[in-house]
Amino acid sequence: TINPGDALEGGKVVPAGSGHTVPTGPGTGSYQRSFSVADGLAYPFVHSMVQDRKGNFWFATRGGVSRYDGGTIETFTVENGLMGNYIISIYLDREDHIWLGTLSHGVTRFDGKTFTHFTQEDGLAGNGVRAIVQDRKGDFWFATYEGINRYDGNKWTTFTSWDGLPEERFVSICEDQRANPINANTMGGIIKDAGLTIEAFKALL
């Protein structure tokens, strides 16, 4: 369980650069605004987005992560401390920290000042992190193409087909109302962790 203020074990910590900040362009649209690279966005393709508690919007793109504060867009890339620019998942934890899942460079936590990187060398099942969730206990769960991880701030636990999973290529993960964190979508169906057993459901065709 990760409690507020706990230091995370393992991972590579690097100072965050200032990022590249530009005034936000006018965008397009009258009732809703659309932003593109011309308006300051890192890349035209956005995989995921989240809003932090300060009201900033974060966009996970193939060219880094962009933060929009309503007036400017600030982009962080490998030049500012990221391990990889291809961001495919993004998650806001209870402490208002941003977690970034990359296509092939593991997962990164940004606390506003530093980036902490975790890869397979630290215990991550796979370096392609498709989804992230924090459960009610404070533990983090990561869906990768090589299994599922649980991270409690000190130890990584990996679940694969050897543990009863129908396969190891996962694209999403969430916690249900009964606090079962492993409700994950695979390339061929879904799984549900009932606490003691894992139920697999094939995709309906």
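The structure is a predicted model, in which local features need pLDDT of at least 70 and side-chain atom pairs count only at pLDDT 80 or more, while totals for chains, interfaces and linings use all residues. Residues are numbered from 1 along each chain as its sequence is written, and side-chain values use heavy atoms, with hydrogens and water left out.

The chain holds 18 strands and zero helices; these elements are DSSP runs numbered from the N terminus (helices are H or I, at least four residues; strands are E, at least two). Of its 205 residues, 46% are buried, where buried means under 20% relative accessible area, exposed over 50% and partly exposed in between (1.4 Å probe, protein chains only). Among contacts in the chain with a separation of 6 or more, 44% are between residues 24 or more positions apart, a contact being heavy atoms within 4.5 Å.

Strand S5 (residues 64-68) pairs with S6 in the antiparallel sense over four bridges, pairing being assigned if DSSP finds at least two bridges between two strands. One of the residues involved is Val65, whose bridge partner in S6 is Phe76. Strand S6 (residues 72-76) is largely enclosed by the rest of the structure, because four of its five residues are buried.

Ser66 belongs to strand S5 and counts as buried, at 0% relative accessibility. Beyond its neighbours within four places in sequence, Ser66 has contacts that include Gly40, Leu41, Phe57, Trp58 and Ile73. The side chain of Ser66 also takes part in a polar contact of 2.8 Å with the side chain of Thr75, a polar contact being a pair of N or O atoms within 3.5 Å; within protein, one must be able to donate a hydrogen and the other to accept it, and residues adjacent in sequence count only if both atoms are side-chain atoms. A polar atom of the Ser66 side chain lies 3.1 Å from the backbone nitrogen of Ala42.

Side chains of opposite charge can pair when their charged atoms come close. With a salt bridge taken as a side-chain nitrogen of Lys or Arg within 4 Å of a carboxyl oxygen of Asp or Glu, the count comes to two. In one of them, the side chains of Arg67 and Glu74 meet at 2.3 Å, N to O. Arg67 is partly exposed, with a relative accessible area of 22%, whereas Glu74 is buried at 12%.

A salt bridge also joins the side chains of Arg53 and Asp96 (3.2 Å, N to O). This pair links distant parts of the chain, 43 residues apart: Arg53 sits in the loop between strand S3 (46-51) and strand S4 (57-61), and Asp96 in the loop between S7 and S8. Arg53 is exposed, with a relative accessible area of 55%, while Asp96 is partly exposed at 22%. Although not a glycine, Asp96 has a positive phi of about 70°.

Finally, His117 lies in strand S10 (residues 114-118) and is buried, with a relative accessible area of 2%. The His117 side chain reaches the backbone oxygen of Gly81 at 2.8 Å and makes a polar contact of 2.6 Å with the side chain of Thr108.
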